[in-house]
Structures are given as structure tokens and as C-alpha cells.
Protein chains: 2
Amino acid sequence: MKIMQSIAQFFLSLNKFYKMKKRQTTIHDIAKYLNVTASTVSRALNDHPRISEATKKRVKQAAKKLDYKLNIIAANLRKGKGNTIGIIIPLINRFFFANIISGIETVANPAGYNLIICPSNENLEKETNNIKTLISNRVSGILISISAETKTAEHFESVFKSGIPLVQFDRTIEHIATTKVFNDDFTGAYQNVKHLIDQGYKHIVHFAGPQYIINYQKRFEGYRQALLDNNLPFRPERVYEGVISRERGYETMSTILNTDPEIDALFAASDMSALGAMILLKKRKIQIPALFGITGYVNEPFGEFVEPSLTTTEQKGIAIGKAAAKELIAQISAAEKYRFRSIIIPPELIVRNSSLKNHAELKL
Amino acid sequence: MKIMQSIAQFFLSLNKFYKMKKRQTTIHDIAKYLNVTASTVSRALNDHPRISEATKKRVKQAAKKLDYKLNIIAANLRKGKGNTIGIIIPLINRFFFANIISGIETVANPAGYNLIICPSNENLEKETNNIKTLISNRVSGILISISAETKTAEHFESVFKSGIPLVQFDRTIEHIATTKVFNDDFTGAYQNVKHLIDQGYKHIVHFAGPQYIINYQKRFEGYRQALLDNNLPFRPERVYEGVISRERGYETMSTILNTDPEIDALFAASDMSALGAMILLKKRKIQIPALFGITGYVNEPFGEFVEPSLTTTEQKGIAIGKAAAKELIAQISAAEKYRFRSIIIPPELIVRNSSLKNHAELKL
DNA sequence: CTGAAAGCGCTAACAA
DNA sequence: TTGTTAGCGCTTTCAG
């Protein structure tokens with residue numbers, strides 16, 4: 001019994017030891033250690049001009065010895081500023097979005113900012129909560145790409161009220177006064193379709209995305225304009241809305257073959273639906289690109305490896321991220337925020353085999 | 001001229017307006033507004049039991065009216081705790097890593113934690129800086145997957161000293177006392193190779209990754225053991241180290257065809273090098289899977305779409321992320337940290353066409 | 001060149 | 001049930 005007790009005792013004390021909050025060394029610890037004041041230490045560490053080199057050296061040595069690490073949180077609280085940028089993004093494990101974050105990081109980090117990343121999972125409620133979280137964390141600025149569910153900007157109000165700079169990227173709400181960084185989807189789509197036309201395809205269908213998302217709307221408009229500018233008729237029945245998944249692409253292409261056999265090319269607003277169509281066509285032994293041309297949009301990594309490789313439009317995620325971050329950081333230290341302004345990143349047509357009717361050009 | 005001046009005047013005043021630092025409303029503002037003390041407000045907002053429902057209601061209404069947003073930073077400083085988890089990860093725009101982050105997020109966020117994400121870009125120096133940053137930000141815990149350059153854990157010391165819980169995931173340093181969450185690469189590779197053997201392939205080469213990375217080493221060992229357990233000779237010359245890119249896969253396979261024509265299958269430690277090999281074989285008109293079987297590892301998204309579709313091993317990034325986050329959060333509120341402990345996530349073999357010698361099984 | 005003192009926004013003993 | 005007071009760790013006037 002006694003033994004049990006002492007064992008219990010031991011574990012209690014062990015527990016106590018672990019629980020013992022290892023308080024991090026503070027400026028005061030250093031001050032005490034050197035018999036100076038906290039202010040001197042603070043100034044020395046910040047290389048304040050009116051501190052003697054001698055004490056600077058002493059302080060810095062002591063800091064290293066005591067393994068001192070600045071508490072940025074406290075410093076920021078005092079200074080009334082922050083060093084983190086909040087990112088709200090629909091999904092984090094999509095190549096395009098991951099690239100954007102990567103781009104943001106390459107400019108934010110050297111500028112001394114940390115990223116706190118909040119995925120909305122395409123959900124408006126989550127997005128609203130994310131905004132709250134970021135404000136509560138007093139981020140220096142917010143970068144946001146809205147969720148598929150988001151149609152209005154009411155939940156941005158508290159951001160504006162709080163005076164936190166905000167810039168939108170990729171998926172944006174047009175009518176509000178913020179800087180927006182996005183692809184020129186119209187031109188991207190236009191070039192894409194123009195390319196199909198130049199290759200000699202004449203009856204081009206379009207798999208469009210949901211038209212309430214501005215990006216898809218612009219792609220549709222680019223498609224239409226390219227047809228009109230090249231003396232091809234625009235036929236509304238050749239536009240299939242909401243076809244962005246592989247499955248829908250597959251099904252839709254199957255339908256088209258029955259109802260509109262004249263069709264000889266597809267411009268899909270998403271690589272996934274282009275892929276679905278490609279799978280169906282191959283199953284039906286319809287030769288791509290000889291008899292049927294296909295182009296997608298987004299430049300998903302797989303496009304390079306399918307057969308035939310997929311012509312598509314690259315959206316330059318990294319460039320978008322960099323531009324957005326640069327703009328935000330500028331706004332953080334600037335007077336002027338919330339201007340209507342658009343920074344447009346031109347997309348790039350990536351020509352691969354799926355659209356090269358002219359076989360001579362086929363690449364490996 | 002006068003007009004110009006007044007326009008300029010207007011813009012100046014506008015500018016002034018924007019520059020005006022919009023101080024966020026604080027607890028004191030609410031207190032003043034209601035003629036109570038800050039503590040009452042604080043307690044009311046935190047639903048403290050000994051505050052009357054009446055004042056709670058009043059306070060909350062006032063808070064909403066004044067658009068009050070809690071300053072978590074200040075609250076945390078006072079409470080001596082934080083609500084953010086730091087993630088150090090080699091790359092953010094790799095599907096596998098993005099999935100891990102996604103997994104982390106699904107458990108960290110509901111638990112009230114924000115993520116601050118620091119990519120090391122496979123660079124030890126950056127990784128070291130990231131650690132400093134996270135400590136300075138007084139994160140509640142750190143999740144880390146080491147860079148390709150990282151071989152020792154010296155830079156972890158300050159984390160241990162500061163008492164911040166840390167768990168490693170995926171790429172880990174074995175000999176240090178932390179929880180580690182990772183794939184069972186040995187078993188993953190073993191099953192992968194076993195599958196090739198079961199399909200009737202007899203001369204299997206291995207494209208290995210750099211062996212100083214433990215994950216690749218384990219995959220190599222799984223390969224070897226699978227051969228030995230199935231009465232196939234293990235031949236060191238059939239292991240090609242450091243072949244993980246598409247280009248190297250292509251070149252290496254080309255060499256093999258010249259030097260070791262007996263080979264009839266490949267187990268690649270990366271999908272990319274498997275793809276490179278596949279491209280070369282197709283160019284040489286060697287039928288896959290009839291004459292040559294191929295398996296990869298990682299389950300990159302493209303594997304599903306290449307022809308033939310690529311058999312590979314899925315690493316369950318989301319599961320890894322979830323497990324790591326759960327463990328870290330447990331440690332944050334627990335007494336015991338830094339135990340040697342391994343949480344092993346079993347990978348899953350994804351059988352596709354590239355390894356199905358038995359054509360009957362071929363799937364679309 | 002350095003010290004004293006105040007305060008960033010919040011919470012939590014201790015009082016009342 | 002509410003108020004008073006102190007302090008988290010830091011920076012920064014204002015004095016000396």
C-alpha cells in the first residue's frame with residue numbers, strides 16, 4: 001500500500017514536471033541577467049542608434065545564451081500592427097490554387113509576412129467564418145478568392161469597416177471597390193477557340209461552367225466572340241452549361257454524338273470535362289485530332305500525359321499569387337485602399353496534340 | 001484653375017479620410033458606451049456564469065452595434081496560450097502535400113486552431129528560419145515534414161527548449177523523440193512488387209529515390225523483400241538510385257533496354273519516373289502491360305489518365321494530415337510530449353492497367 | 001546613452 | 001452580480 005502511494009506520488013510529480021509551463025525567456029529575464037532595464041534590452045535587440053555598441057553586444061550574447069525568442073505577438077500588439085496576411089481560398093488541394101498560394105508565399109515571406117490560410121471549401125458559411133477569424137487575428141491584409149456559393153459581398157462589410165486592406169484574386173465579385181487580380185478569361189477563351197478555328201475545325205461546341213461564376217461567363221463570351229469574328233455562326237444550342245466534371249463531359253459528349261453529328265471540335269471550360277469527352281470519343285474510335293479537336297482550360301497537370309496530349313489554357317497561378325500579394329502589401333503600407341482596380345494576368349495557350357488537325361505539327 | 005484646386009482639395013481630404021487609422025472597437029468602447037467596466041463586458045461576451053442575462057444581452061447587442069471583433073492576439077497574450085498551429089512543409093503545390101494540409105485543416109479548424117503554413121522549398125536554411133518564425137509567433141504546436149536537404153535535427157533544439165509540441169509527418173527524422181506520422185513505405189512497396197510478381201512478371205527493376213531519404217529507402221527494402229519472399233533473386237544492379245523525375249525515368253529505361261533486355265517489369269518509387277519509362281516504352285512499341293509491367297508510387301492525379309492507366313500506391317495524404325493534427329492537438333493540451341511514437345498510415349495499392357498482364361482484368 | 005513609466009487589448013484574481 | 005486592479009511581453013515617449 002505504501003509502495004503504491006509512493007508510486008502514485010512519483011507519477012504526480014512527474015506530471016507536475018511536464019505540466020510545468022516552460023516559460024519562454026523574455027526581455028525582462030535578459031534585463032535582470034545583465035542588470036539593465038527592459039527598455040535597454042529591447043532597444044539593443046532592435047539596433048536602436050542611441051545604444052552603445054558595447055551593450056548591444058552584451059545584450060545579444062545574453063539573448064543567445066538564454067535562448068531568447070522575440071514574442072512577435074506582444075510586439076505587434078504594442079506597435080498596433082501585424083505581420084500576417086490572411087488567405088481565403090476555395091480549395092487548397094487543387095493545383096491551380098496551390099500554385100497561387102505558392103506565388104503569394106514567394107513575395108509575402110521575404111517581405112516579412114506570415115500566411116494564415118483558410119480554405120472555404122466552396123462554402124459561403126465557412127467563408128464568412130474565415131473572415132471573422134482573420135479579423136479577430138488582426139491580420140494586416142486579406143487575399144480572397146470567393147467560394148462557388150458566394151454571390152454577394154455582404155460578408156465583406158466588416159472587413160471594410162475594420163479598415164483591413166483586401167484584394168480579390170481569380171474568382172472575384174466585380175461590383176465592389178477592391179483591387180482584383182485575375183485572368184483575362186475572355187481573351188484566354190478567345191485565343192483557345194481561335195486556335196481551333198485556325199486548325200480548320202468548323203463546328204465547335206462549348207462545355208461551359210456555371211454562368212453565375214464570372215470566370216466561366218467570360219470564357220463563354222470569348223468562345224462566342226471568336227466564332228463571330230471568324231464568320232462562324234454562334235449557335236446557343238451548342239453551349240452546354242455546367243459541364244465541368246469528367247463524368248458530365250463524358251455524358252454530354254455522348255449525347256452530342258447522337259444529336260449533333262456535325263460537330264468536329266470541343267472547347268471545354270475545364271480540363272476535366274475535356275478529358276471526359278476525350279475518353280468517350282476514344283471509346284467510339286473517333287480519331288483525335290484528325291476527326292475531332294479538343295481543347296480544355298486550366299492546364300491541369302494530367303493534360304500533358306493523356307493521349308493525345310491536351311491543348312489547354314494555362315492560367316498562371318503563380319503569377320496571379322505574386323501580383324495579388326504585391327498589391328496587398330502595397331496597400332498595407334499605403335493610404336489608399338479599396339480602389340476599383342483590375343490587374344489582369346494574361347493566360348497562355350498551351351498547344352498540344354488534341355487540337356492539331358494538321359498532323360505535321362504533332363509533337364511527341 | 002480654381003476647379004483644379006478644388007478637385008485636388010477633394011482628393012486630399014479623401015486621402016486623409018482613408019489614412020485615418022480606423023481603430024477597431026475595443027471592449028473599453030463597449031464599456032464606456034454602456035457605463036459598465038471592461039471586465040463586465042469581457043465576462044459577458046465570454047458567457048461567464050455570474051453575469052446577469054440582462055447585461056449579457058445588452059453587451060452583446062452593443063458589441064454587434066459597434067461592430068466589435070475580439071482581438072484574439074491580445075486575449076491570447078493575456079491567457080498565455082495561442083490558437084495557431086504552424087506547419088512546415090517542403091512544397092505546397094504538390095498534390096500529396098496539399099492533401100496533407102487539407103487533412104490537417106479538417107481537424108485543426110473545428111478545434112479552433114488556425115494554420116500558419118511555411119513552405120521550406122526543400123531548403124534547410126528556409127526550414128530553420130521557418131522554425132524561428134513559428135516560435136516567435138508562439139504557435140501552440142508545430143507540424144513538420146522535413147526538407148530534402150535536412151539530415152540532422154539540430155535546428156529542432158529551440159523548439160524542444162521552448163516546450164512547443166512538435167510532431168513530424170511523412171518525411172521524418174527517426175532518431176529524435178517525437179511523434180511521427182507516416183506511411184508504411186516498406187509494406188506499400190512490398191505489396192506493389194508482390195502484385196507485379198503475382199501477375200507473372202519475373203525480372204523487375206526498381207527506380208529508387210535518393211536513399212538518404214528514409215521513405216525511399218523503405219520502398220527499396222520493400223522491393224527487395226518482396227523479391228526474396230517470392231523466390232526471385234535480388235540483383236543490386238537492377239536498382240537505379242535517384243531516378244524520380246520523368247526525364248531520368250525516360251533515360252534510365254532507355255539504358256536498361258540496351259543493357260538488360262530480360263527485364264519485364266518496373267517498380268518506380270515515383271509516378272513521374274514511371275511515366276518517363278512508359279513514354280519510352282511506348283515509343284519503342286513495347287506493349288504495356290502485355291510485355292512489360294509498370295507500377296509507380298504516390299498516386300499522382302495523372303496516373304488515372306495516362307495510357308495505360310498507371311498502377312500505383314496511394315499514400316493517403318488526407319489521413320496522414322488528420323492523424324498528425326489530432327496527435328498534435330492532443331499533445332498541446334496534454335502533459336506528455338516528445339515521446340517516441342509512430343503512427344503508421346497503411347498505404348493502398350491502386351491497381352490499374354499498366355501492370356495487368358492478365359488482360360482479362362483490364363478496366364476501361 | 002540609459003531608466004522610469006505607460007499602455008497595446010484583453011482576462012482574472014480579489015474585493016465588494 | 002459587478003468593479004478594481006494587475007499584468008501578459010513588448011515598445012516608446014519623456015526624463016535624466
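How many bridges join strand β6 of chain A to strand β8 of chain A? I began my notebook with that, and I found four, between residues 204-207 and residues 265-268, with the strands running parallel.

**Ground rules.** I am working with a predicted model, where local features need pLDDT of at least 70, side-chain atom pairs count only at pLDDT 80 or more, and totals for chains, interfaces and linings use all residues. Residues are numbered from 1 along each chain as its sequence is written, while chains are lettered from A and ligands numbered from 1 in the order in which they are written.

**The sheet in chain A.** I noted that helices (H or I, at least four residues) and strands (E, at least two) are DSSP runs, numbered from the N terminus. Strands pair if DSSP finds at least two bridges between them. With that settled, I read off an open sheet of four strands in chain A, in the order β7-β6-β8-β9, with parallel pairing. Its edge strands are β7 (239-240) and β9 (293-295) of chain A, each of which pairs on one side only. I also looked up A:F207 and found A:A268 in β8(A) as its bridge partner.

Next I turned to helix α12 (residues 271-283) of chain A. This helix lies across β6, β8 and β9 of chain A and runs at about 155° to β8(A). Here axes are lines fitted to C-alpha atoms, for helices over the stretch in contact, and angles run from 0 to 180 degrees between N-to-C directions. Contact means that the C-beta atoms of two residues, placed from the backbone, lie within 7 Å.

**Two cis bonds.** I found a cis peptide bond joining A:I288 and A:P289, with omega about 5°. A:P289 sits in the loop between α12 and β9 of chain A. The bond from A:E307 to A:P308 is cis as well, with omega near -5°, and A:P308 belongs to the loop between β9 and β10 (312-314) of chain A.

**How the chains relate.** I laid chain B on chain A and got an RMSD of 0.1 Å, by a turn of 180° and a shift of 0.0 Å along the axis. The two copies are thus related as by a two-fold rotation axis. The superposition is by least squares on the C-alpha atoms of residues with pLDDT of at least 70 in both.

The contact takes 44 residues from chain B and 45 residues from chain A. On the side of chain B that touches chain A, α6(B) gives the most, with six residues. I sorted that side into 21 nonpolar, 14 polar and nine charged residues. For the classes, Ala, Val, Leu, Ile, Met, Phe, Trp, Tyr, Cys and Pro count as nonpolar, Asp, Glu, Lys and Arg as charged, and the others, Gly among them, as polar.

**Around the DNA.** A residue is near a strand if its C-beta atom, placed from the backbone, lies within 6 Å of it. I found 26 residues around DNA strand C, and A:R78, B:T26, B:S39, B:S42 and B:A75 come nearest. α5(B) gives the most to that surface, with five residues.

**A last look.** Is A:D170 buried or exposed? It counts as buried, with 24 C-beta neighbours inside 10 Å; the cut-offs are 20 or more for buried, 12 or fewer for exposed, and partly exposed in between, with C-beta atoms placed from the backbone.
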